[in-house]
Amino acid sequence: MAGNSFSLKARGFFLPSGFRAGGFLEVRDGAIVGVSDTPSPDLEVVDCGDATVAPGFVDTHIHGYANHDFMDCDPSGNRKILDALAHKGTTSILATTLTASTDAIDKACAGVAKTVEERPAGSTEARIQGIFLEGPFFTEKHKGAQNPAYLCDPSLDKLRQWQQSAHGLIRKSALAPERKGSDAYVRGAAKMGVVTALGHSDATCEQGRHAVDAGASVFVHTYNGMSGLHHRIPGLVGCAMTTDNTYAELICDGLHVMPTAVDALVRAKGWNEVALVSDCLRCGGMPDGDYMLGELPIVLRDGVARLRDENNIAGSILTMGGAVRNIVDWGVESLEHAVAMATIVPARSAGIADRCGQILPGRDADLVVLGADLSVRATYVGGVLVK
């Protein structure tokens with residue numbers, strides 16, 4: 001049989017119906033067939049021992065890794081990001097831009113599109129399932145590590161230009177809902193098949209709800225870069241916690257959000273509406289030192305990335321596997337729910353659940369093998385072991 005046809009034997013599998021103990025996951029020609037009690041006699045059995053098998057992680061908010069960033073506009077660098085992520089168990093992403101000039105964002109979108117179009121057959125790199133535009137439609141008060149020189153009001157003309165350069169890959173776009181023209185942007189983006197996310201914003205809870213009623217459905221790295229929860233002024237955090245049928249991104253590295261606050265958000269919204277994201281920068285997987293985030297210098301020291309000149313936390317070096325492990329170790333949710341929060345929930349939030357995030361017959365065999373300690377033991381992309 002071909003090298004991407006086999007049966008995976010494991011302690012259990014994270015399936016759409018829930019966790020299934022034991023069995024054999026059949027893969028043929030790189031696609032999932034299903035899980036059964038006995039292996040097919042014509043397939044090699046790969047014994048994973050006490051490990052479990054989950055869908056490959058889905059990261060819908062990631063800027064870079066391994067000293068490369070999608071804003072570099074370099075397809076070869078993009079491929080190095082994707083290769084490194086696959087080794088960490090992430091098999092699908094939204095390549096994420098940041099606040100920059102219109103031209104710089106345009107070139108980044110074109111670079112991502114070229115990366116997708118030039119993907120080699122049989123590649124074991126993580127798949128780019130789309131683009132997330134994180135900016136430039138934000139407020140300066142909660143700019144975080146976004147460059148204030150390029151902040152502006154939402155513009156559908158810019159979105160159309162970027163989408164053309166992206167060859168239709170843009171799936172999510174963020175804005176501060178208090179900015180002029182936000183409602184029209186949310187509605188126009190929806191017509192283009194683009195999800196609107198709310199963040200880097202000083203909006204009131206009411207302004208956030210108004211944007212949700214217009215069609216916005218995601219909150220960007222909840223708690224971070226947004227008006228906080230106060231018992232008299234609920235802010236955008238309060239909006240995230242109390243709106244149904246919306247998704248809250250969450251960076252679970254223990255630095256951006258404390259475990260108790262993570263627990264509070266998950267209890268308020270329910271695990272099935274909290275999407276784990278990494279918000280990882282180019283310094284992910286790299287040693288301490290000086291790096292760049294767009295045009296802004298950052299410093300990675302003791303595992304924390306900060307703007308060199310302002311000391312603001314500037315994204316993370318988190319992996320999705322690390323986020324899953326933290327959710328379990330902190331006692332926030334079960335492993336089954338934590339895996340869902342890193343796979344199907346972010347996929348649904350970004351409108352890409354038709355292609356990734358679940359172990360389903362006919363899907364690409366994009367899988368992660370998790371050890372009993374929740375370490376990533378192996379990753380498969382299209383049924384091929386990542387080496």
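## Strands, rings and cores

Two bridges join strand 22 to strand 23 (residues 384-385), and these two strands run antiparallel. Please keep in mind that this is a predicted model. Within the pairing, Val381 has Val384 of strand 23 as its bridge partner. The hairpin made by strand 22 and strand 23 has two residues between the strands, and Gly382 takes a positive phi near 60° there.

Strand 22 (residues 376-381) is also joined to strand 21 (residues 367-370), by four bridges in an antiparallel arrangement. Here Leu370 has Val376 in strand 22 as its bridge partner. This hairpin has five residues between its strands, and Leu374 takes a positive phi near 70°.

Stepping back, what is the order of the strands in the open sheet? Six strands form it in the order 3-2-7-21-22-23, with mixed pairing. Strand 3 (18-21) and strand 23 stand at the edges with a single partner strand each, so one side of each is left without a neighbour in the sheet. Further in, strand 7 (residues 52-55) runs antiparallel to strand 21, and four bridges join the two. Val53 stands opposite Val369 in strand 21. As background, strands of a sheet pair through backbone hydrogen bonds, either parallel or antiparallel.

### Aromatic rings

How many aromatic pairs does the structure hold? There are four aromatic pairs. A pair of aromatic rings is described by the distance of the centres and the angle of the planes. Two of the pairs are set out here.

| Ring pair | Distance of centres | Angle of planes | Kind of pair |
|---|---|---|---|
| Phe6 and Tyr380 | 5.2 Å | 35° | tilted |
| Phe14 and Phe19 | 5.0 Å | 55° | tilted |

Phe6 lies in strand 1 (residues 6-9) and Tyr380 in strand 22, so their pair ties together parts that are 374 residues apart in sequence. Both Phe6 and Tyr380 are buried. In the other pair of the table, Phe14 has 6% relative accessibility and so counts as buried, whereas Phe19, at 32% relative accessibility, counts as partly exposed.

Elsewhere, ring pairs link Phe137, Trp162 and Tyr185 into a cluster.

### Strand 13 and the cores

Now to another pair of strands. Strand 12 (residues 127-137) and strand 13 run parallel, joined by four bridges. One of the residues taking part is Phe132, whose bridge partner in strand 13 is Lys172. The charged end of Lys172 also sits over the ring of Phe132, 4.2 Å from the centre of that ring.

Is strand 13 (residues 170-175) mostly buried or exposed? Six of its six residues are buried, so strand 13 is largely enclosed by the rest of the structure.

The largest nonpolar core has 85 residues, and Ile170 and Leu276 touch the most other members. Leaving aside residues up to four places away in sequence, Ile170 touches Cys109, Ile131, Leu133, Leu159, Trp162, Gln163 and Val194. There is also a second, separate core of 20 residues, and its members include Phe132, Val218, Val220 and Ile352.

### Two residues to look at closely

Thr115 is found in helix 2 (residues 102-117). With a relative accessible area of 5%, Thr115 is buried. A polar atom of the Thr115 side chain lies 2.7 Å from the backbone oxygen of Gly111. Not counting residues up to four places away in sequence, Thr115 touches Pro75, Asn78, Arg79, Leu82 and Ile128.

His142 lies in a loop, the one between strand 12 and helix 3 (156-165). Why does His142 count as buried? Its relative accessibility is 17%, and buried means under 20%. Which residues does His142 touch, not counting those up to four places away in sequence? They are His200, Ser201, Asp202, Gly225, Met226 and Ser227. With Asp202 there is a polar contact of 3.2 Å between the side chains. His142 and Gly199 are 57 residues apart in sequence, and in space they are 8.5 Å apart, C-alpha to C-alpha.

Notes: Residues are numbered from 1 along each chain as its sequence is written. This is a predicted model: local features need pLDDT of at least 70, side-chain atom pairs count only at pLDDT 80 or more; totals for chains, interfaces and linings use all residues. Side-chain values use heavy atoms; hydrogens and water are left out. Two strands pair if DSSP finds at least two bridges between them. Rings of Phe, Tyr and Trp (its six-membered ring) pair if their centres lie within 6.5 Å; planes under 30 degrees apart count as stacked, over 60 as edge-to-face and the rest as tilted. Buried means under 20% relative accessible area, exposed over 50%, partly exposed in between (1.4 Å probe, protein chains only). A charge sits over a ring if NZ of Lys or CZ of Arg is within 6 Å of the ring centre and within 35 degrees of the ring normal. A nonpolar core is a set of buried Ala, Val, Leu, Ile, Met, Phe, Trp, Tyr and Cys residues joined through side-chain atoms within 4.5 Å. Contact means heavy atoms within 4.5 Å. A polar contact is a pair of N or O atoms within 3.5 Å; within protein, one must be able to donate a hydrogen and the other to accept it, and residues adjacent in sequence count only if both atoms are side-chain atoms.
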